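Please study the sequence and the structure shown below.

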Amino acid sequence: MSKLKTKNLLSQLSDLEASLNGFSFEELNMEEAKALKNSFNRFKTQLNNRIYGADRIIEDDSSTIKTVSLPTVAQDNKLIAYVSHEIRTPLNGIIGFANLLREENLTAGQFKKVDAIQSASYNLMEIINEVLEYSKLTAGIEDFDSIDFNLHGLIKDVMFLCQTLIVDKSVTLTIDIAPNVPKILIGDPSKLSQIFLNLLGNAIKFVEKGQISLSVAVTEQKKGIHMLQFSIKDTGIGISSEQLGYVFESYKQAELDTFKKYGGSGLGLSIVKEIVEKQGGTISVTSKLGTGTTFKFLIPFRKGNIQNIPKNKPKPISTEKGRALLGGTKILVFEDNELNQHLISEQLNKWNCITYVTANPKEGLALLKTHKIDIVLMDLKMPEMSGFEISKSIRSLEDANLSQVPIIAFSADFTAQDQEQCYASGINDFLLKPYTLNELMIKLLKRKKERNLTQASLRLLQQETISTNEQQWETVDLNGLLEECYGEIEMLEELIRLFKQNIYEFIGAIKIAISNKNFEEIYQASHKIKAGLALMNTKGLKNLIVGMEKGAKNEELATIEQQFSQFLAQYPLKEVLIDKELEKLKKR
Amino acid sequence: MNKRTILLADDDALLASLLNFRLEKAGYTVDHVLDGKEVKAYLSHSMPDIIVSDIMMPYFSGIELINHVRKELLSQTPIIIISSAGNEENVLSAFELGANDFISKPVSPSELLVRIARELNKATI
């Protein structure tokens, strides 16, 4: 598996390299851009050596020593986890810098190249995440959540995503949930979505015309445990009986030509199998060439309670608010990677934080003593002294003002063991790289709030929480539109129906246009949908569309894709709000 | 007076549906067409009292529509163009070619009614 994935990785890296080479850093004349390129090249050489070096040793062994044993799963996993970590750290820097570069005054050509770097980096990140997840799963590291979730809502969300994948095909998707299946379950919703998306995504890939159905039934009910059977059935091309035995095996999977034709990393089904089995379930597949394939999996769930489901999600915080809340905060950063040093300072400076960055533990401790530091950010993998050790020495300082400083650790990978060690070393919180700016800010705010909060920032934070609560009850105001309809609710209902239809058509058109890189079509479709969004009073969505329109004008595919994926993520909520508002107006 | 007829050309079913509703409530007869081809077909057999057309339409843009009405059909039927921000240049050429008025998106039905009435009044005087 590692070999196949390695090849894949290296080809992704070559893509990334190609876009970097096409990038004219001289034009930019930026220190950071040079750092970016150097760091990338260094890391690629290292990686090449690491991977091929490791393989060569094994090959050399096999030629000299006859009784060579293949690397065990454990060794394989360790290598993967190690290599993944090596890649994620600099990649985090590359992505972060590409993000910052976008905010400079770039020419259209430069912008395109930054986009190319970004999209190549994201592709690479996706593959690395998949590899890492697979290795974690097989090593038993991956944790499973056990929380209450709404199965119907989850299936609806999954189906919405799938609908957007089939608009250019004549495929119908059906759902059938038996009435005795509990609505609220206790388990890991994100893992379940992942299984659905993988299996349904596969089905969609292989069906051009026909049906895909998802059905859920209870096969057994004992002591509060419901054994649920999920079936995903398609009328696609089917799998031959020889290949059927291999579908869940990561590197023997099907044949290479299927691989080439339909793409994918080849790990999807083996991840699915691992996820199902780790939850105490089983999975099986039946198929007939030309007729279709059915995947069935059983997972035991306990019935949950709707009251335990948190109702609101964290809301993005604007840069301005970040400034108001964090401005002037003194932050000491222990980080040895030069690229990440630059990145974190840029990020923190955006919020007007006063930032001190060091790779040297002694220097860091001295800064802590002399500069009234509010928060410490700690990279765990430091060269001289590990982040754990530095944290311990901070906690053992005599001056309580200094020893109680909040410490947030960040690392590119994090095991349960690391977590324990964090608490043992007095680390308050941690962030997994690559983190989003929002995650960073939330962690910082949380610590700052506990530390010392000025009256003004306390007020702002309260406003923040209040508006978050409001968002939970966010509504779409359709009163104006109802007035335009002279109060005729049937007319409003008809308009809403047309609105939804327009949106579905829009999503379909954009999907096709993105895959064909048809910027004119993207522009036209985005332009058209704006009027409807304005009528429905959905400003946030409209802004995303304006972004897509601009992206289409400048022919920036990455911008379009980014805005569009946000649109896809936000639209379902708006639809729910519109329906709610309609119900409310109907009752009046 | 006979009911006045409005030809409404817009491929956005949502907006057109709202406008249709409001215009009919105001006492007009509305003929709604979805694209440029349908506009041409319609105009080949009848001429409305006023044309309200989106500037961006499949097959045959609002600009081409004005050209067709003024240069080929030699008709002075009032034409109101629906446009949106970012299309200012097109609106200018629409006026040059003989459009009578324009309204920008998001269209307020009440505003459109006022503009239609004004054009129709001018036309009758």
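**Exercise 1.** Identify the bridge partner of B:Ile81 in β5(B).

*Solution.* The bridge partner of B:Ile81 is B:Phe102. The model is predicted, so local features are given only at pLDDT of at least 70 and side-chain atom pairs only at pLDDT 80 or more, while totals for chains, interfaces and linings use all residues. Residues are numbered from 1 along each chain as its sequence is written, and chains are lettered from A and ligands numbered from 1 in the order in which they are written.
Next, consider the two strands: β4(B) and β5(B) pair in the parallel sense over four bridges. Helices (H or I, at least four residues) and strands (E, at least two) are DSSP runs, numbered from the N terminus. Two strands pair if DSSP finds at least two bridges between them.

**Exercise 2.** Determine the order of the five strands in the open sheet of chain B, and find which strands stand at the edges.

*Solution.* Step 1: the order is β2-β1-β3-β4-β5, with parallel pairing.
Step 1: β2 (29-33) and β5 (101-104) of chain B each have a single partner strand, so one side of each is left without a neighbour in the sheet.
Step 2: from one strand to the next, the twist averages 20°. Axes are lines fitted to C-alpha atoms, for helices over the stretch in contact, and angles run from 0 to 180 degrees between N-to-C directions.
Step 3: helix α4 (residues 88-97) of chain B packs on the sheet and touches β4 and β5 of chain B. The direction of α4 makes about 175° with that of β4(B).

**Exercise 3.** List the contacts of B:Ile81, leaving aside its neighbours within four places in sequence.

*Solution.* Step 1: two residues are in contact if their C-beta atoms, placed from the backbone, lie within 7 Å.
Step 1: B:Ile81 is in contact with B:Ser53, B:Ile55, B:Gly62, B:Val91, B:Ala94, B:Ala99 and B:Phe102.

**Exercise 4.** Is B:Leu74 buried or exposed?

*Solution.* Step 1: a residue is buried if 20 or more other C-beta atoms lie within 10 Å of its own, exposed if 12 or fewer, and partly exposed in between, with C-beta atoms placed from the backbone.
Step 1: B:Leu74 has 7 C-beta neighbours inside 10 Å and therefore counts as exposed.
Step 2: B:Leu74 lies in the loop between α3 (62-72) and β4 (79-83) of chain B, and its phi is near 50°, a positive value in a residue other than glycine.
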